[in-house]
Every structure is written in structure tokens, then in C-alpha cells.
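Have a look at it, then read on.

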Amino acid sequence: MSVPKFANVPHSFHAELKKRIGSYFEEVGKSTTGDYPIFMKAVILMVTFMVIYVHLVFFTPGVVMQILESILLGGVVAAIGFNVMHDGAHGSFSKYKWINSFAALSLNILGGNNFMWNVKHNVIHHAFTNVDGVDDDIDIQPWMRMSTTQKKYRLHKYQHIYFWFLYSLLYIFWIFVLDYQKYFKSKIGSMPLKKMKLSDHLVFWGFKVFHLFLFVGLPIYMVGFTSWLISFLIFTLVAGLVLSLVFQLAHTVEHTAFPMPHETTGKMEDEWAVHQIKTTANFATNNKLVSWLVGGLNFQIEHHLFPKISHIHYPAISKIIRQACQEYGIVYIEYPRVRYAVASHVAFLKQMGRAA
Ligand SMILES: [Zn+2]
């Protein structure tokens, strides 16, 4: 599929939003990046990660403690992904570029690769959200059917049951299979990767080896194969489930749309900002703990419209965006609690497994 084009409209909703959000930041005199509050959060998460890692690898806790610590490690890894890596990659972590690059590198230490992430997430997913054939986040084929335009198989009838298991596998698959597929095919879905420089190749391989040393070689040497395998499986399955769920709750629920470009012109029906709002949902935005843990990804509408603004500003700018949506007659999708969003995701999967 060629790259879809968004409708070009005079006096666009996007321009209006940018104007209102711009005036807000001028009024309050704040920078749009995260800076100090985010650094504190990053330090808390990194220190927690290191303490658990060191305890698991060098102090061999008892089995119950080992299992609990491994579960916690999975949660902390997901939180680092949401709060440090994701913001760094978007350039919203700090006003300094080098600090953003440093934050984004946390992904490489955890086994992923920031070059692939930039293309998959920042370029493709953020521009062409929920466009089947382009957005890699809804391409879990043939295992799952995430849009009516995707081929249906008999097993999809049960996808609202087995998705828990598949989502748990995401992290292991991501670091051991999907990154290499993207690397060797030089493609993400149907979209070609931009050319990798020598430094990109070196970073890719250097960190993959470093990750294997840190998360496979060294722990096996210290605690033995079986003990390592138990911890490794628990922490990667927990991280995979949390990461998948938070990213899926934002776009694949009952009320979000899956627009497709016009077959011959390749044009999308809406302008970009309206497309983002129609394909995205918020959840539990009043829950401060959820907001803190998922790095504002529960304010996904705000994130999709302004990915370069740090998530610490989302509660404030969401009021402005809500108001504008009301004035322009655009539906702002929000689930008040996490469990409603999860229920809606399950209902959506059920629908997709049965619909024509
Ligand atoms: Zn993002």
C-alpha cells in the first residue's frame, strides 16, 4: 500500500488546537517538555529496576521472593517503557536533545531498538493510526483480527479469550523475533525502513549483545539455568501483557474507528487531527496513580495530537481539547475506569472475531 494522504482543509481543527494549546503554554509560562518532574520519576523507576535486578541476580532470593520480585520487575520495565523511553523517543522528556536520546536508549538496554521503534511508533503508528495495512500496531495477523478489513479465520472466534496469552508474549517476541524481522527485511509491515547508517547498525548489534549478556548470560552464570528461566519468563510475560494492554486500550476498543484511504486516490476522509481523535480513546484520566504509572498514555488523545508535549501537561491540555471537540461536534472517546476500557477491548475483539 502506498502512503495514505490526509484531507487538506482550510481553517483546520488541527490549526485551531495548536493555537489554543500555544496560548495556554504562553499564559502559564511553562516549557512543553517534562524536565524536573519526569527526571524524578525516571530516577525512581531506574533505581527500583536496579535494586530488583541486583537482588535477583547477585543475592539469590527464596522462591516466593524471587517470583514476587520478577513480577515487579516486569511492571517496572513496562513503566520505564511508558515514562522514559516513550517520552525520550518523542523528544518530550527534556528540552535537551541529548537527554532525550539518552532516555530513548533505555529501550536498547531492555532488548529493543530505538531506530526500529522510531519508525514503527513515531512515524507510522502516530501518523496512520488504525489504518489497516500501514499501522503495525493492529497487525497481529494471522493470530488476531483487529479490523474488519483483515482476513477472518475460525480461531478468531476465541481471540477475546486467548489474547491475554498472546499479549504476554509481545515483549519476548519483540526483542527476539520482530526486531530482527524488521532489520533483515528492511521493512515494517508494508512500509520500507529508511536507510540505516553504520552507527545505526552498530547500535543495533551492540545493544542486542549487551542485552543478552545482561539478561541471559550473566544471570544464568550467577543463579543457574532453571532459576534464570523462571525469573526471565515471569518478568517478560508481565511486561509484555502490561505494554500490549495499555497500547491496545488506546485504539482498539468498541468506539474507535478504522478508516481506510480511498482506493484510487489514497486520500483519507478526514484531516489528520480529526482522524487521530476518531481512532483514539482515553481511559481513567481522573486516576492519578494510573496516569503516573502509564506515563500519561491514558491521555492518549492528547498524546496523539501533541506527541512532542510531555505527558505531565496532558491533564491541563485535555480540558482545552475536550472543549474544542465539543464546539466542533467531534466525539471525544473516554472510558472513566480501566476496567471499562478493558471490557470494551474484550467486546471489540469478540466483535472482530465474529463480524463479516
Ligand atoms: Zn507515542
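Residues 161-181 are 95% helix and 0% strand, with 27 Å between the end C-alpha atoms. Helices here are DSSP runs of H or I with at least four residues, strands are runs of E with at least two, and both are numbered from the N terminus. Keep in mind that this is a predicted model, where local features need pLDDT of at least 70 and side-chain atom pairs count only at pLDDT 80 or more, while totals for chains, interfaces and linings use all residues. Residues are numbered from 1 along each chain as its sequence is written, and side-chain values use heavy atoms, leaving out hydrogens and water.

Why pick out that stretch? The unreviewed UniProt entry lists "transmembrane region" at residues 38-58, 64-86, 98-117, 161-181, 202-222 and 228-250. UniProt positions follow the numbering used here, feature names are shortened, and annotations may be inferred rather than shown by experiment. Residues 228-250 come out at 96% helix and 0% strand, and their end C-alpha atoms are 33 Å apart. The entry, again unreviewed, also places "domain: Fatty acid desaturase" at residues 71-335. That span is 59% helix and 3% strand, with its end C-alpha atoms 27 Å apart.

## The zinc site

Five histidine NE2 atoms, from H86, H90, H121, H126 and H303, coordinate the zinc ion at 2.0 to 2.2 Å. Donors are N, O and S atoms within 2.8 Å of the metal (3.2 Å for Na, K and Ca), and sites may look incomplete, since water is not among the atoms. Along the sequence, the donor spacing reads H-x3-H-x30-H-x4-H-x176-H. H90 sits in helix α3 (residues 63-90) and H121 in helix α6, so this pair ties together parts 31 residues apart in sequence.

Are H90 and H121 buried or exposed? Both are buried, where buried means under 20% relative accessible area, exposed over 50% and partly exposed in between (1.4 Å probe, protein chains only).

The axes of helix α2 (residues 36-58) and helix α9 (residues 198-223) come within 8 Å and cross at roughly 40 degrees. Axes are lines fitted to C-alpha atoms, for helices over the stretch in contact, and angles run from 0 to 180 degrees between N-to-C directions. That makes α2 and α9 oblique to each other; under 35 degrees counts as roughly parallel, over 145 as roughly antiparallel, 65 to 115 as roughly perpendicular, and the rest as oblique. On the α2 side, the contact (heavy atoms within 4.5 Å) includes F49, Y53 and L56, and on the α9 side it includes L214, F215 and L218.

## The loop between α6 and α7

Q150 is in the loop between α6 (114-127) and α7 (159-168), and is buried at 3% relative accessible area. A polar atom of its side chain lies 2.9 Å from the backbone nitrogen of M146. Setting aside neighbours within four places in sequence, Q150 touches D132, I138, D139, Q141, M144 and R145.

Most residues other than glycine have a negative phi, and most peptide bonds are trans. In this loop, P142 is joined to Q141 by a cis peptide bond, with omega about 0 degrees. N130, also in the loop, has a positive phi near 65 degrees and is buried at 0% relative accessible area.

Key. A polar contact is a pair of N or O atoms within 3.5 Å; within protein, one must be able to donate a hydrogen and the other to accept it, and residues adjacent in sequence count only if both atoms are side-chain atoms.
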